[in-house]
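Please look over the sequence and the 3D view before reading on. The notes below are meant to be read beside them.

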Amino acid sequence: MTQEPIVRMRGLVKHFGDVQALRGIDMDLPRGPVGLLGPNGAGKTTLIGLLLGLVEPTEGEASIAGLVPKSRADRIAIRKRVGYMPESDCLLPGMTGVELVSTLGKLTGLSREDAMTRAHEVLDYVELEEARYRPLDGYSTGMKQRLKLAQALVHDPELLLLDEPTNGLDPKGRRHMLSLVEDLGRNQGKNILLCSHLLPDVEKTCDHVVVVVKGRVALQGSIAELTAADEARVHVEVEERQDEFEIALRAAGMSPEKAPTKGLIVTVPDADDADAICEVAASSGFHLRGIDPVRSTLEQVFLKAVDGADVSATGSRPMLASEEAAITSP
Amino acid sequence: MKAATHTEVYRPFRGELKTFPLRALTLAWSGVRIGFRKKLPALLLFVIPAIATIVTCFLVQITFEAQNPDITQGTIPQAKILGALLQEQLGKVEIQVLALLRQIKAFVVLAMGWYGSGLIAEDRRLRANLLYFARPLTRWTYFLGKLGTVCFWGFCAVGIPILMVSSVASFASPNWSFLLERWPVIVKMEAYAMMWVLLHGLLVLAISSVCERRNQALAGLFGFYILTSIGSTAMSRIFDGSAWRLVSIPENFERISESMFGFSSGTRPWSLEASLWALGIIVFVCVAILQVQTRKMESGR
């Protein structure tokens with residue numbers, strides 16, 4: 001049986017004066033971890049605001065778990081079921097970690113005792129041990145990010161909206177945060193909408209992805225399907241004499257290219273033509289080490305989705321795996 | 001089940017969320033707790049009101065002692081004269097309380113400004129509004145919570161001294177007569193103090209909501225206060241019209257106190273209604289500013 005989508009949007013339009021933030025969003029977010037990708041100004045934050053009922057749509061409607069944030073009562077009901085981790089620092093100095101989380105728990109509707117118990121439980125979960133009794137002024141970026149995750153979890157919400165959870169984290173902190181998000185989504189069965197600039201973060205933690213470009217959904221689907229094997233391209237490796245094998249393939253009417261790491265990428269008219277590569281190898285005396293269909297990366301899928309959009313500046317699109325690796329490598 | 005990727009386990013919440021929790025009270029109390037951490041400002045801001053309160057308590061005690069029949073109807077003429085003199089000089093308890101309020105009002109505004117100026121400005125600067133409004137919190141609840149925090153400090157600076165003086169008066173009066181016969185005066189004094197605190201609380205929050213930082217809000221509060229007080233006095237002298245003094249918040253409160261406690265200094269010739277209108281306009285403007293600003297904050301701006 002197909003599960004009811006956790007978030008449903010129909011014809012969602014939002015204008016801020018002359019600026020069109022959303023231009024008709026239609027999407028069904030399945031349960032489980034979902035990544036929300038898009039260049040800066042694509043409308044991701046507006047989308048989150050609409051889901052929380054903080055911003056009212058110009059047209060269309062969005063629903064969370066069947067609730068439409070139209071009336072005040074609905075907005076209140078929705079916010080009880082949603083946990084939001086904002087991108088900005090947003091933590092008040094002067095409070096301790098446990099005070100902040102328990103206070104926000106009480107504001108959500110937990111009793112005093114429950115709020116304190118839950119605060120300790122979620123702070124344990126995010127591994128803020130004795131630091132929970134320290135004033136927030138002394139927290140590192142990693143601790144602040146984990147605290148923000150803890151406050152989003154304190155009332156055990158049905159849906160978690162995580163806005164750039166790995167923002168500003170060092171590689172170790174980032175790994176830790178991703179492991180928490182992955183655990184929540186994959187092991188604890190939490191519904192997560194993860195907004196991130198980092199495609200590898202989404203690839204690691206989410207099962208589905210939605211790409212928003214210029215206020216429209218450019219692409220959505222499961223990562224497995226979107227990056228499914230492109231059977232027209234195969235990766236071939238031979239034991240030795242790769243250059244000669246390349247010439248032999250060209251002579252057979254194929255167009256091989258050197259793969260970024262090792263071997264050749266061969267574009268074949270049909271998947272069945274992979275047999276032709278084997279025949280060329282056998283007839284010319286080359287020993288094939290491997291022949292695999294090439295899978296698209298999320299990066300390629302994303303670039304394909306935003307193709308045609310005016311993404312001129314590097315900073316205005318999500319960070320690609322190669323760029324991200326250059327930053328995070330020690 | 002233990003999570004594979006890290007050491008701690010996520011525990012789902014099995015309880016229920018309350019339907020009508022006192023969210024404004026929670027928010028107000030969290031603000032008060034943060035304020036309690038700042039001990040040095042508390043010492044500096046409340047020590048003068050505390051000393052003034054203790055002195056007033058002594059004066060109230062002496063006033064009632066002077067009414068003692070042993071003195072007023074006694075055989076020592078010097079004691080009789082002294083008793084009558086003290087009664088004449090010190091007057092009624094409410095007069096002494098109003099004198100106390102005049103002495104400490106600058107410190108009360110300072111205390112409320114110190115603890116209240118950052119309440120909305122810092123929330124917005126740090127974008128803590130995103131944390132609050134992502135929860136089932138209405139703008140009204142947020143506003144009441146913040147007002148509760150700032151009024152708590154105002155109550156500490158004004159309401160508690162009045163209660164202390166009233167208690168001393170009750171103990172010192174013969175047969176608890178002050179409490180039993182003149183209790184409406186205690187209620188009136190507290191109501192007057194609360195009105196004072198509420199208006200200043202709204203003013204502090206309204207200024208805080210339009211400022212980027214706490215220090216700006218504090219400066220803005222004192223700028224407003226000094227400008228309206230000094231400005232109104234200067235304008236009334238230049239143009240020789242008392243109507244200008246309606247701009248001053250302390251002048252309006254003085255006029256209200258004259259009506260509430262039944263005495264007249266003769267220096268404020270305008271009507272009580274005019275003062276109420278003047279203060280009402282300030283309240284209206286403050287609430288309107290807060291409404292607009294909290295609306296912006298709710299929508300994440």
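This briefing covers a sheet in chain A and several helices in chain B.

The model is predicted: local features need pLDDT of at least 70, side-chain atom pairs count only at pLDDT 80 or more, and totals for chains, interfaces and linings use all residues. Residues are numbered from 1 along each chain as its sequence is written, chains are lettered from A and ligands numbered from 1 in the order in which they are written, and side-chain values use heavy atoms, with hydrogens and water left out. Helices (H or I, at least four residues) and strands (E, at least two) are DSSP runs, numbered from the N terminus.

**The sheet of chain A**

- Six strands of chain A form an open sheet with mixed pairing, in the order β5-β6-β7-β3-β8-β9.
- The edges are β5 (82-85) and β9 (216-222) of chain A; each has a single partner strand, so one side of each lacks a neighbour in the sheet.
- On average, neighbouring strands of this sheet are turned by 15° against each other, direction ignored.
- Two strands count as paired if DSSP finds at least two bridges between them.
- β5(A) pairs with strand β6 (residues 159-163) of chain A in the parallel sense, over four bridges, and Met85(A) stands opposite Leu162(A) in β6(A).

**Strand β7 of chain A**

- Strand β7 (residues 191-195) of chain A is largely enclosed by the rest of the structure, because five of its five residues are buried (buried means under 20% relative accessible area, exposed over 50%, partly exposed in between, with a 1.4 Å probe and protein chains only).
- In a regular strand the side chains alternate between the two faces of the sheet.
- In β7(A), Asn191(A), Leu193(A) and Cys195(A) are buried on one side, and Ile192(A) and Leu194(A) are buried on the other.
- β6(A) and β7(A) run parallel and are joined by five bridges; Asp163(A) stands opposite Cys195(A).
- Strand β3 (residues 33-37) of chain A pairs with β7(A) in the parallel sense over four bridges, and Leu36(A) has Cys195(A) as its bridge partner.

**Helices of chain B**

- The expected span of a helix is 1.5 Å times one less than its number of residues.
- Helix α8 (residues 139-172) of chain B has 34 residues and should span 50 Å; its end C-alpha atoms are 47 Å apart, which agrees.
- α8(B) has a kink of about 45° centred on Phe155(B), where the bend at a residue is the angle between axes fitted to the seven residues ending there and the seven starting there.
- Helix α2 (residues 39-66) of chain B, with 28 residues, reaches 39 Å from its first C-alpha to its last, close to the 40 Å expected.
- α2(B) bends by about 35° at Phe46(B), and Pro49(B), a proline, follows within four residues.
- Among the buried residues of α2(B) are Phe46(B), Pro49(B), Cys57(B) and Phe64(B).

**Annotated spans of chain B**

- An unreviewed UniProt entry gives the annotation "transmembrane region" to residues 43-64, 104-121, 142-171, 191-211, 218-239 and 274-292 of chain B; such annotations may be inferred rather than shown by experiment.
- Residues 104-121 of chain B are 94% helix and 0% strand, with end C-alpha atoms 26 Å apart.
- Residues 191-211 of chain B are 95% helix and 0% strand, with end C-alpha atoms 30 Å apart.

Key: Axes are lines fitted to C-alpha atoms, for helices over the stretch in contact, and angles run from 0 to 180 degrees between N-to-C directions.
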